[in-house]
Amino acid sequence: MENGQTLTTTPRLQGGDEALLGDAVVLTQIDKAIGWARKYSIFPYPFATACCAMEYMALSMTPYDIDRFGALLPRFSPRQADLLMVIGTVTCRQAPILKRVYEQMTEPKWVMAFGACASTGGFYDNYTTVAGIDRIVPVDVYVPGCPPRPENVLDALMALQRKIHSQKQKLRGMAA
Ligand code: SF4
């Protein structure tokens, strides 16, 4: 400790999950620590098929700057990504491809339905369009709008980060 100061304080609880020892050491649970790291190191795979992709691009620009959330760097290999962002309309012909991409991603992984088309099929009421990607892959967060405003996407991203932080973290197979 600075100036010969000794650590005599007892742990103070912070929000029920963390304790502060003095001003330098934080005690927490392994689940919380891993969740904290994961929520700030999200690597998205943009499965972009239609006009919503323009809104996705806007997220990288000022004033939205999604990099602030630890989620900017897109990976174009599913094996290097943990967030599947389905951006735009998905047709029945594309459905098996989307499922294959999802299956190639390693655990843990999450899915965002970006916009009305990905969430519900949007205004397409025909036999070629999938009426929501949750018929193909499990969805963690939906972003409303046609197209969604970048603010909506940031809101959904923060909701996903809260979910990642609070969920039970899978540890088996991490070292493999
Ligand atoms: S939700 Fe609207 S903007 Fe997005 S892909 Fe569908 S039609 Fe295009």
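View 1. The mean pLDDT (the predictor's confidence in each residue, from 0 to 100) is 86, and 87% of the residues reach 70 or more. Residues 1-8 are another story: their pLDDT is below 50, and beyond near neighbours in sequence this stretch has four contacts in the model. A contact here means two C-beta atoms, placed from the backbone, within 7 Å. Since this is a predicted model, local features need pLDDT of at least 70 and side-chain atom pairs count only at pLDDT 80 or more, while totals for chains, interfaces and linings use all residues. Numbering starts from 1 along each chain as its sequence is written.

**View 2. What sits around the ligand.** Look for A50, C51, C52, G88, T89, G115, A116, C117, G122, C146 and P147 around the ligand; each has its C-beta atom, placed from the backbone, within 6 Å of it. Sort this shell by class and you get seven nonpolar, four polar and no charged residues. Cys and Pro count as nonpolar, and Gly as polar.

**View 3. Inside the largest nonpolar core.** This core has 36 residues, and L84, M85, V86, M112 and F114 touch the most other members. A nonpolar core joins buried Ala, Val, Leu, Ile, Met, Phe, Trp, Tyr and Cys residues through C-beta atoms within 7 Å; buried means 20 or more other C-beta atoms within 10 Å of a residue's own. Among the elements giving two or more residues are β5 (83-87), β6 (110-114) and α5 (150-166).

**View 4. Zooming in on V86.** Not counting residues up to four places away in sequence, V86 touches F47, L98, V111, M112, A113, F114, A118 and I133.

Terms used. Buried ≥ 20, exposed ≤ 12 C-beta atoms within 10 Å, placed from the backbone. Helix = DSSP H or I, 4+ residues; strand = E, 2+ residues; numbered from the N terminus.
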